[in-house]
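Student: I would like to learn how to read a model residue by residue, starting with a side chain and then widening the view. Could you take me through one?

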Amino acid sequence: SDNGKEIELRYYKNSSKLDISYSVIQGGLSSIQKTGGVSYIIPGQGLLTVDPQFVELGSRDLHLTHKSPCVDAGTTSLPNLSMITSDYEGDGRVVGS
């Protein structure tokens, strides 16, 4: 977003709320720009508001460091997610809950 916010959330169709789960929003919920009728954001399970500790953000290496609080912090309990066992590089997926 060009307004200094990490995320810009715009109102589309009939939805005026957003439930965010198992995500990282480094600046917290206040870093989300709400426009056009979005009334509120529901912080769900697994929402982290910390530095994800990417290997090298400046060079766009968005791998997580081994100390990242995001490592194994996800879930496999979402529909159809349990059948995905590896990421695009072949590394194992979530080991958390």
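Student: Which backbone atoms lie by the polar atoms of the Ser 68 side chain, and at what distances?

Tutor: Keep in mind that this is a predicted model. A polar atom of the Ser 68 side chain lies 2.5 Å from the backbone oxygen of Pro 52, and a polar atom of that side chain also lies 3.0 Å from the backbone nitrogen of Cys 70. Once neighbours within four places in sequence are left aside, the residues in contact with Ser 68 are Pro 52 and Gln 53.

Student: Where does Ser 68 sit in the chain, and is the residue buried or exposed?

Tutor: Ser 68 belongs to the segment that follows β6, the strand spanning 61-64. Burial is read from relative accessible area, and the cut-off for it is under 20%. Ser 68 has 6% relative accessibility and therefore counts as buried.

Student: How should I read Phe 54, and which residues does Phe 54 touch?

Tutor: Phe 54 has its place in strand β5, and with 32% relative accessibility Phe 54 counts as partly exposed. Not counting residues up to four places away in sequence, Phe 54 touches Asp 61, Leu 62, His 63, Leu 64 and Thr 65. The C-alpha atoms of Phe 54 and His 66 are 9.5 Å apart in space, while the two residues are 12 residues apart in sequence.

Student: Which residues make the nonpolar surface patch, and what is its area?

Tutor: Phe 54 is one of them, and together with Leu 57, Leu 62, Leu 64 and Val 71 Phe 54 makes a nonpolar surface patch of about 430 Å². Within this group, Leu 57 lies in the loop between β5 and β6. The cut-off for an exposed residue is over 50%, so Leu 57, with a relative accessible area of 58%, is exposed.

Student: Why would one also look for nonpolar residues inside the protein?

Tutor: In soluble globular proteins, nonpolar side chains tend to be buried together. In this model the largest nonpolar core is made up of 5 residues in all, namely Ile 20, Ile 25, Ile 32, Ile 41 and Leu 47. Leu 47 touches Ile 20, Tyr 22, Ser 23, Ile 25 and Leu 29, not counting residues up to four places away in sequence.

Student: Which residues are in contact with Leu 48, and is Leu 48 buried or partly exposed?

Tutor: Leu 48 is found in the loop between β4 and β5, and because its relative accessibility is 24%, Leu 48 counts as partly exposed. Leaving aside neighbours within four places in sequence, the contacts of Leu 48 are Ser 23, Val 24, Ile 25, Pro 69, Cys 70 and Ala 73. For Val 24, the C-alpha distance to Leu 48 is 4.7 Å, although 24 residues separate the pair in sequence.

Student: Finally, how many helices and strands are there, and what do the totals for the protein say?

Tutor: The protein has 0 helices and 6 strands, so that the order from the N terminus on reads β-β-β-β-β-β. Of its 97 residues, 14% count as buried. Among contacts with a separation of 6 or more, 39% come from residues 24 or more positions apart. The accessible surface of the protein comes to about 7100 Å², and 51% of it belongs to carbon and sulfur atoms.

Terms used
Residues are numbered from 1 along each chain as its sequence is written. This is a predicted model: local features need pLDDT of at least 70, side-chain atom pairs count only at pLDDT 80 or more; totals for chains, interfaces and linings use all residues. Side-chain values use heavy atoms; hydrogens and water are left out. Helices (H or I, at least four residues) and strands (E, at least two) are DSSP runs, numbered from the N terminus. Buried means under 20% relative accessible area, exposed over 50%, partly exposed in between (1.4 Å probe, protein chains only). A polar contact is a pair of N or O atoms within 3.5 Å; within protein, one must be able to donate a hydrogen and the other to accept it, and residues adjacent in sequence count only if both atoms are side-chain atoms. Contact means heavy atoms within 4.5 Å. Patches are made of residues with over 30% relative accessible area and no salt bridge: like charges are joined within 9 Å, nonpolar side chains (Val, Leu, Ile, Met, Phe, Trp, Tyr) within 5 Å. Accessible areas come from the Shrake-Rupley method with a 1.4 Å probe; for residues, only the protein chains shown count as cover. A salt bridge is a side-chain nitrogen of Lys or Arg within 4 Å of a carboxyl oxygen of Asp or Glu. A nonpolar core is a set of buried Ala, Val, Leu, Ile, Met, Phe, Trp, Tyr and Cys residues joined through side-chain atoms within 4.5 Å.
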